[in-house]
Amino acid sequence: MNILKTVAAVLLLSLPVSHAVRAQSAPQADKPVDSRTWIGHAAEIEEYLRTVPILKFEDLSVGVTKPKKAFLPEGGPMKYLVWKVIPPGRYAGYWESYQGEIAAYEIDKLLGLNMVPPTVEKTYKGERGAAVMWVSSAKSFKDLGGKSAPTAPPAFEDAWARQLVKAKMFHNLINDVDPNLGNWLVDSGWHLVLIDFSRCFTPGTKMVHTLTRVDEPLWNRMKELTEASLTTALGKRIGKGEIRSILERRDKMQQLIDKLVKEHGEKSVYMRDVK
Ligand SMILES: Nc1ncnc2c1ncn2[C@@H]1O[C@H](COP(=O)(O)OP(=O)(O)O)[C@@H](O)[C@H]1O
Ligand SMILES: [Mg+2]
């Protein structure tokens, strides 16, 4: 996280979704693309990530955790994967671990969120790390050049607003303290993809984002989380204390939602499926 990233994150956080500016052009394509090609194929993609040989690496960023873009053989379900060898520890003052990347994917699956690309533990040439599916045809908010989330055209507006709310609920639950503009990707079909979770899951109940609305189906799934279900999904990745913190943040979200409902009424707080 450099200073620009920090400024970008603060700007993103300070802008309510409804006031997001149309400062940058949306990703264009003749036919809107859905870059979440893993949906419905998660198990086979996980297996591919675990077993695929790597042809060569390129540095992905100059950041402290040195993620790499790994080039893969032709003909597979993706051209690249992201290789993150981040042994648990402190980096530039932040607790980070490659296990956070895997835990974020596992909890995404548990919640049926479908925003985190498949991520598995992989051992490569004696090094252990997280292998993340490379999402083609999506651009980060940072690469789009704006100072906040891009504004979708009218046909996508409602679905886009709802995805942004879901992503913020997810960041709050997992304590993503690094939600900078480089970590949100969007494709031409206005599907949101979230990346970069090595700093997540540390304890604390401070909310990363302030929310005035919540997605009701996602909230219902968050309410169902228990220590047992989280331990089954994440027990290999994060510790007991970190699992309990997820539940503490969920309970804090419950208090905030109760307060919002009391003040504004259920209808204005819950984003509901149209029946
Ligand atoms: N799975 C992915 N699919 C597509 N692009 C990615 C993916 N992971 C990373 N990137 C690109 O690489 C950049 C850096 O990766 P990131 O995981 O955010 O590491 P860091 O912020 O620590 O440098 C991202 O902002 C994004 O542009
Ligand atoms: Mg990043």
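Let's start with a pair of strands. Strand β6, residues 119-124, is joined to β7 by 6 bridges, and the two run antiparallel. One thing before I go on: this is a predicted model.

Stay with that pair for a moment. Glu-121 sits opposite Ala-130 of β7. Tyr-124 faces Glu-127, also in β7. The hairpin of β6 and β7 has 2 residues between the strands. There, Lys-125 takes a positive phi, near 45°.

Now step back to the sheet. How many strands does the open sheet with β6 and β7 have? It has 5, in the order β1-β2-β3-β7-β6. The pairing is antiparallel. At the edges stand β1, residues 56-59, and β6, and each of them pairs on one side only. From one strand to the next, the twist averages 35°.

Two helices belong in this picture. Helix α2 covers residues 42-51 and packs on the sheet. Helix α2 touches β3, β6 and β7, and its direction makes about 20° with that of β6. Then there is helix α3, residues 98-111. Helix α3 lies across β3, β6 and β7 as well, but runs at about 145° to β6.

Let's walk along the other strands of this sheet. β1 pairs with strand β2, residues 68-71, over 4 bridges in the antiparallel sense. Glu-58 stands opposite Lys-69 of β2. Next, β2 pairs with β3, again antiparallel and over 4 bridges. Here Lys-69 comes back: its bridge partner in β3 is Val-82. So much for the 5 strands.

Look at β9, residues 184-187. Strand β9 and β10 pair in the antiparallel sense over 3 bridges. Trp-184 has Leu-194 of β10 as its bridge partner. A helix lies over this region too.

Last topic: the ligand. Which residues are closest to ligand 1? They are Ser-61, Lys-84, Met-133, Val-135 and Gly-182, out of 16 residues that surround ligand 1. That shell divides into 9 nonpolar, 4 polar and 3 charged residues.

Next, Asn-183: an N or O atom in its side chain is 2.9 Å from an oxygen atom of ligand 1. Then Asp-196: a polar side-chain atom of this residue lies 2.9 Å from an oxygen atom of ligand 1.

How much of ligand 1 does the protein bury? Taken alone, ligand 1 exposes 540 Å², and the protein buries 86% of that. Which elements give two or more residues to the shell? They are β3, residues 80-84, and β7, residues 127-133. That takes us back to the opening pair, where β7 is joined to β6. Thanks, and that's my tour.

Terms used: Residues numbered from 1 in each chain as written. Chains lettered and ligands numbered in written order. Predicted model: local features only at pLDDT ≥ 70, side-chain atom pairs only at ≥ 80, totals over all residues. Heavy atoms only, no water. Pairing = 2+ DSSP bridges. Near = heavy atom within 4 Å. Polar contact = N/O pair within 3.5 Å; in protein donor to acceptor, adjacent residues only side chain to side chain. Areas by Shrake-Rupley, 256 points an atom, 1.4 Å probe, with all protein chains shown as cover. Nonpolar A, V, L, I, M, F, W, Y, C, P; charged D, E, K, R; others polar. Axes fitted to C-alpha atoms, helices over the stretch in contact; angles between N-to-C directions. Contact = heavy atoms within 4.5 Å.
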